[in-house]
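Please consider the structure below with attention to its surface, its core and its loops. The paragraphs that follow take these topics in turn.

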Amino acid sequence: MANFQLNRNILILHLTILIWGFTGILGSLISVSAIHLVWYRVAIASSALLIYFLITKQSIVVSKKQFLQFFMVGAVVGLHWVLFFYSIKVSTVSVTLVTLSSVTLFTAILEPIVNKKRIALLDIVVGLVIIVGIYTIFSFETHYLVGLLAGLGCAFCASIFSIANARMVKKSSPTLITFYEMLGACFWISIFMLFTGDFNAEMRLGQQDLIFLLLLGVVCTAVAYVMGVAVMKELSAFTVALTTNLEPVYGILLAMLIFGQKETMSGGFYLGACIVLGAVFTYPYVKTKLENRQKDLVIRKLH
């Protein structure tokens, strides 16, 4: 039963990541700026979740402490998405998604610090290999430097809110967490836009933009984010972050299918991408081998 539950959560996580992989496509197709795109996204997502709560007559009451936690994490989520879509708009979907894989490195370092555990040597090795892969991409795609840096910032934010959600979901409903985080993201981005004068005519949407934004806000955000947070009840933040590295694979394949020539990159990019993804796919195998070896050593000592 435990294995069935674990496999079910992993399957849900993969479906979620496939949907997330499609967000990059939508981000490239939507014509408004990154800040406007994210504002619409979180406004639609929080509205969709509020309608869900009203229809199901579920309470949205949380403690003051929980509200503040969710709201502040929402700021990090908002910044993550702004950097994500900005990176796509100044580079390509492929560049952004591969750079986002560095979330594994950030999580490998930050999660043990937050949970007061020793940093695993293997996690650091995987993180260093990912750095080599990203440096390789930097070397060959210097004209995408701003996009790459934005992608790294995006990955750092993703690591922070993944760790926070993994802790909070133990005590709260994934749907409630998502609702207040979307609300928090909308609030903080609105404050930023008020100060920068971004509530302007550039926010106007065409019919195609509106359709894509509804798809992005409801399916790729509200639904997918709830699914992603829910599986954290059974899976660690590092496992989630590691599996999330499949997002570039799904996203790049979708981007090449939809955009064709525009997503064709240099040989150096694909070499760096292979290094990054190779580290991601090799990690579970090596970790399992090391854990089994440690168990065998313990058993031998007992005998």
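Valine 223 counts as partly exposed, because its relative accessibility is 40%, where partly exposed denotes the range between buried (under 20% relative accessible area) and exposed (over 50%), computed with a 1.4 Å probe and protein chains only. The residue lies in helix 9; helices are DSSP runs of H or I with at least four residues, numbered from the N terminus. Together with Leu215, Val218 and Val219, Val223 makes a nonpolar surface patch of about 250 Å². Patches consist of residues with over 30% relative accessible area and no salt bridge, nonpolar side chains being joined within 5 Å and like charges within 9 Å. A salt bridge requires a side-chain nitrogen of Lys or Arg within 4 Å of a carboxyl oxygen of Asp or Glu, and accessible areas follow the Shrake-Rupley method with a 1.4 Å probe.

The model is predicted, so that local features need pLDDT of at least 70 and side-chain atom pairs count only at pLDDT 80 or more, while totals for chains, interfaces and linings use all residues. Residues are numbered from 1 along each chain as its sequence is written, and side-chain values use heavy atoms, with hydrogens and water left out.

Helix 9 also holds valine 229, which is buried, with a relative accessible area of 2%. Its C-alpha lies 8.2 Å from that of threonine 175, although valine 229 and threonine 175 are 54 residues apart in sequence.

The largest nonpolar core has 67 residues, and those with the most contacts inside it are Ile30, Trp81, Phe85, Met182 and Leu216. Such a core is a set of buried Ala, Val, Leu, Ile, Met, Phe, Trp, Tyr and Cys residues joined through side-chain atoms within 4.5 Å. Among the elements that give two or more residues to this core are helix 1 (2–29), helix 8 (174–196) and helix 9 (207–230). Helix 2 gives the most, with 12 residues.

Arginine 167, in helix 7 (residues 145–168), is partly exposed at a relative accessible area of 46%.

Two loops remain. Lysine 57 lies between helix 2 (34–56) and helix 3 (64–90), and is exposed, with a relative accessible area of 75%. Most residues other than glycine have a negative phi. Lysine 57, however, has a positive phi of about 55 degrees. Alanine 120 occupies the loop between helix 5 (103–114) and helix 6 (121–140) and is partly exposed, at 30%. Its C-alpha is separated by 32 Å from that of valine 93, 27 residues apart along the chain.
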